[in-house]
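Here is a short tour for anyone who likes to know a protein residue by residue. Have a look at the sequence and the structure below, and then we can walk through a few spots together.

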Amino acid sequence: MPEDTKRLIAEAFRQAASEKSVSRITVQDIASRAGISRHTFYYHFRDLFALAEWIFSSEYMSDLNKYSGLDNWQEGLRRACTYAYENKNIVINVYRSVYRDNLLRFLYNLTYSQIDGIISREFSDITVSAGDRDALISFYTFGCMGTLCRWLDGNMEEDCGKVLAVLHKVVHGAVRDALIRLSGETDGTC
């Protein structure tokens, strides 16, 4: 039953987000559309961003771990972009709202976790310090985030496939090379 109520609330949010910006949507709007009380909304979600985060997580994130290897990370990103495009109203509205920092933090943590997982699984044979590892993961996370933000700033009009193809060319082989340099196995020259 709680999952059904959450889905009802999520659908009300989708409807509202298709009509107006997230910054103009209130909890009362969502509650009225869903036929629930404000108290019921707050029983399930602390605020509108928690609702948006739940929507993103429940609809896409459970599938994400299937695409966390070197051989299929591009497919995972392609699916993420497809999901974002199919839910453009919500994604763009949240991105352009007071919840932008929350969304960026959510995406940063998601991206960081995926890159960390790839490094742990695919490059376990290369040892680097925790600080260097964190710096490397942060670097690639910010690069991916910057690419994603540019795509969102452009209202998702740029072909996602082209964006991902360029990202793949930039990243392909670079993580292993950087890890090797950080491990001290080379002299560090360019």
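In this predicted model, Asn89 is partly exposed, with a relative accessible area of 43%. That value falls between the 20% limit for buried and the 50% limit for exposed, which means the middle class applies.

**Asn89**
- You will find Asn89 in helix α6, which covers residues 88–95.
- Beyond the neighbours within four places in sequence, Asn89 is in contact with Ala17 and Ser18.
- Lys20 lies 69 residues away from Asn89 along the chain, and the C-alpha atoms of the two are separated by 9.0 Å.

**Arg100**
- Arg100 belongs to helix α7, made up of residues 100–122.
- With 30% relative accessibility, Arg100 is partly exposed.
- Setting aside neighbours within four places in sequence, the contacts of Arg100 are Val94, Tyr95 and Asp153.

**Helix α2**
- In helix α2 (residues 27–34), the buried residues are Val27, Ile30, Ala31 and Ala34.
- Viewed down the axis of α2, these buried residues fall within an arc of 100°, so they line one face of the helix.
- As a general rule, an α-helix has 3.6 residues a turn, so residues three or four places apart point the same way.
- After α2 comes Gly35, which has a positive phi, near 70°.

Definitions and conventions
Residues numbered from 1 in each chain as written. Predicted model: local features only at pLDDT ≥ 70, side-chain atom pairs only at ≥ 80, totals over all residues. Heavy atoms only, no water. Buried < 20%, exposed > 50% of the residue type's maximum accessible area, 1.4 Å probe, protein only. Helix = DSSP H or I, 4+ residues; strand = E, 2+ residues; numbered from the N terminus. Arc of directions from axis to C-beta. Contact = heavy atoms within 4.5 Å.
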